[in-house]
Structure formats: structure tokens, C-alpha cells
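Hi,

Here is the structure I promised to pass on.

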Amino acid sequence: MVVFPGSNCDRDLAVALREATGREPVMLWHRETELPDDLDLIGVPGGFSYGDYLRSGAMAARSPVMRAVKDAADKGVAVLGVCNGFQILTEAGLLPGALMRNSGIRFVCRDAPLRVGNADTPFTRRYEPGEVIDLPVAHHDGNYQADEATLDRLEGEGRVAFRYADPCNGSARDIAGIVNERSNVLGLMPHPERAFDPAHGGRGGRRLFEGLVEALA
Amino acid sequence: MKARVHVTLKPGVLDPQGRAVHHALDGLGFADAVADVRVGKLIELELADGTPAEAIDEMCRRLLANTVIENYRVELP
């Protein structure tokens with residue numbers, strides 16, 4: 001678990017990973033330049049890294065640890081970026097496109113129905129294609145945008161993992177989460193770690209972690 | 001030496017902040033005067049003398065602007 005100044009979902013994501021894997025995630029500060037060997041998964045958590053200065057995720061994407069994360073992703077290590085983590089992954093170039101201010105200006109904080117796109121990724125394998133699940137969203141800059149050619153390619157290659165079933169923030173083609181070409185990097189704005197335990201009020205995110213454990217075991 | 005970097009959203013990219021400011025100006029009685037509003041950023045750099053233009057351009061491309069959605073223009077006074 002990578003932790004930046006201003007991250008605030010790192011512990012929630014770590015708890016979900018611990019519950020799903022039975023192992024304690026390693027928490028890594030943003031100044032680290034090397035990652036532990038034999039990593040299975042890197043979590044890039046939500047929050048407001050560096051106070052969202054310049055652009056959401058822009059500063060974190062240039063921090064030392066992200067160079068190591070990019071190298072690990074290139075080698076095939078799975079990377080899960082949630083909310084601000086998604087913004088960081090796009091800013092770092094691990095995923096295409098950009099996350100802009102919500103089209104309605106307002107911070108959106110509610111449960112959002114999501115339609116599963118490609119269910120043939122390590123992150124979505126426990127879902128059915130087209131299935132609708134509820135996950136909480138809480139963001140100001142979740143409006144996914146890319147040029148038309150990139151959007152066509154994402155759809156054509158089955159790289160849209162989740163879409164908003166109801167309009168949420170103005171995202172192009174209702175995109176809520178995408179994977180990279182190798183399907184080992186997922187970025188999504190909704191928070192699966194906040195819908196993991198029944199006490200959260202929903203368990204829509206649980207199968208994402210359970211599927212990941214299966215895929216990586 | 002100083003440089004000013006103007007970062008603006010690319011034409012065609014929806015600007016929710018610009019739209020909100022536009023509505024606010026309408027509310028202040030400027031509806032007839034204002035046709036459109038776009039919000040950008042101005043970044044002032046204090047640079048070592050002789051910093052080549054290529055270096056400033058690289059700063060813009062690698063950090064100051066997100067070229068997926070933004071254009072930039074460097075102004076050297």
C-alpha cells in the first residue's frame with residue numbers, strides 16, 4: 001500500500017486486503033524508491049494526495065515511489081488504484097485519459113449503481129458481465145475524459161471494467177473504471193473497500209478483492 | 001529570469017468551473033456582456049539565467065500541464 005501525504009483511504013483499503021488475503025499489507029511511504037520483492041499487488045489509495053495541488057494526483061504521480069510502481073506494473077505486478085489512486089495512475093501514465101472536475105461542479109458522495117463491463121480481468125472475474133452492483137463514490141474530480149480514439153480503443157479492447165449505470169459526474173461514455181492493456185492495472189473512482197463488510201451497508205466491492213486473491217494465488 | 005506559463009483547457013473540453021463562473025457573472029448582471037468563460041492557471045517560474053526554452057517546455061509537458069486535456073503557452077517577459 002503506497003501512502004502519500006493526504007491519502008485517507010489507505011487504511012480502509014489495507015483492511016479490505018487483509019480480510020481478503022489473510023495477510024498484512026506493507027504500508028510504503030511516498031519517498032521510498034524501492035518496493036519489496038515478490039509483491040503480488042500494489043494498492044494506490046484514495047484521498048487528497050498533496051492537497052490536490054496543481055491537479056488531482058499530479059504531484060503524487062511524480063513522487064519517487066511511483067517510478068518503482070510503474071516499473072513493477074511493467075513487469076506484470078497487479079496495481080489497484082481507487083479514487084485519488086485512479087487520478088494518480090492516469091497522471092503517471094499507467095492508464096490513459098484524465099479525470100476532470102465533475103460536470104455538475106458538486107462533490108458527489110453517495111452509493112452509485114455500476115454496471116460491470118469486462119468480467120474477464122483479475123479484478124472483475126467474480127462478477128458477471130452486465131451485472132449491476134452498488135459502490136460508494138466520493139469525489140470532486142471523477143469526470144473521466146479522453147480523446148475519441150482512446151475511448152473507442154478502450155471499449156474495443158474490453159478495457160472498461162465498470163460504468164456508471166446512472167449519470168454520475170459527466171464521465172465520457174459513463175466510464176467509472178478502466179484497465180491497462182495487460183489487465184494488470186485497474187483504476188476506478190468508486191470505492192470497493194467501502195463496500196466490503198456488511199457493516200458498511202453493502203458488500204458490492206467484496207468480490208473484487210476475492211477475485212483478485214483467486215487470480216493472484 | 002522569469003517565465004510565465006499559461007495553462008488552459010483545450011478547446012472543446014468542457015470546463016465546469018468556467019460554466020459556474022459564467023452563471024455567477026450572469027447573476028451579477030453581466031449576462032448580456034459575457035458570452036463564455038474558461039478558467040485556466042497562471043504559473044510563474046523564477047529560473048536560472050539562460051535556462052533554455054526546451055527545458056521550460058519539458059517542465060510544461062512533464063508536470064505543469066496535463067496535455068491530455070490542457071494546452072500551455074510560455075511567456076518570457
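Leaving out residues up to four places away in sequence, A:Tyr53 touches A:Ala58 and A:Met59. You'll find A:Tyr53 in the loop that runs between strand 3 (41-44) and helix 2 (58-61) of chain A. Is A:Tyr53 buried or exposed? With a relative accessible area of 59%, A:Tyr53 is over the 50% cut-off, so it counts as exposed. Do keep in mind that this is a predicted model, so please read everything here as computed from that model.

Now for chain A as a whole. Chain A has six helices and 11 strands. Its radius of gyration is 15 Å, close to the 17 Å that the globule rule gives for 217 residues, so chain A is as compact as a globular protein of that length. The C-alpha trace of chain A spans about 40 × 35 × 35 Å along its principal axes. Of the 217 residues in chain A, 55% are buried. If you take the contacts in chain A with a separation of 6 or more, 72% of them are between residues 24 or more positions apart. The accessible surface of chain A is about 9200 Å², and carbon and sulfur atoms hold 46% of that. As for charge, chain A carries 24 positive and 31 negative side chains, and the centres of these two sets are 2 Å apart.

Helix 4 of chain A is worth a click too. How many of the residues in helix 4 (residues 84-91) of chain A are buried? Eight of its eight residues are, so to speak, under cover. Among them are A:Phe86, A:Ile88 and A:Leu89, but also A:Asn84, A:Gln87 and A:Glu91. After helix 4 of chain A comes A:Gly93, which has a positive phi, near 85°.

In soluble globular proteins, nonpolar side chains tend to be buried together. The largest nonpolar core here has 67 residues, and the ones that touch the most other members are A:Ile42, A:Leu80, A:Tyr144, A:Phe162, A:Leu186 and A:Leu208. Helix 3 (residues 64-74) of chain A gives the most to this core, with six residues. Which residues does A:Leu208 contact, leaving aside neighbours within four places in sequence? A:Leu208 is in contact with A:Leu80, A:Phe123, A:Tyr127, A:Phe162, A:Leu186, A:Leu188 and A:Pro192. There is also a second, separate core of 10 residues, including B:Val5, B:Ile43, B:Leu47 and B:Cys60.

That brings me to chain B. Chain B has two helices and three strands, and from the N terminus on its elements run β-α-β-α-β. The radius of gyration of chain B is 16 Å, well over the 11 Å that the globule rule gives for 77 residues, so chain B is more spread out than a compact globule. Along its principal axes, the C-alpha trace of chain B spans about 45 × 25 × 15 Å. Buried residues make up 29% of the 77 residues in chain B. For contacts in chain B with a separation of 6 or more, residues 24 or more positions apart account for 69%. Chain B has an accessible surface of about 5000 Å², with 55% belonging to carbon and sulfur atoms. Chain B has 9 positive and 12 negative charges, and their mean positions are 4 Å apart.

Cheers

Conventions. Residues numbered from 1 in each chain as written. Chains lettered and ligands numbered in written order. Predicted model: local features only at pLDDT ≥ 70, side-chain atom pairs only at ≥ 80, totals over all residues. Heavy atoms only, no water. Buried < 20%, exposed > 50% of the residue type's maximum accessible area, 1.4 Å probe, protein only. Helix = DSSP H or I, 4+ residues; strand = E, 2+ residues; numbered from the N terminus. Rg over C-alpha atoms; globule rule 2.2 N^0.38 Å. Contact = heavy atoms within 4.5 Å. Areas by Shrake-Rupley, 256 points an atom, 1.4 Å probe, with all protein chains shown as cover. Lys, Arg positive; Asp, Glu negative; His and termini not counted. Charge placed at Lys NZ, Arg CZ, Asp CG, Glu CD. Core = buried A, V, L, I, M, F, W, Y, C linked by side-chain atoms within 4.5 Å.
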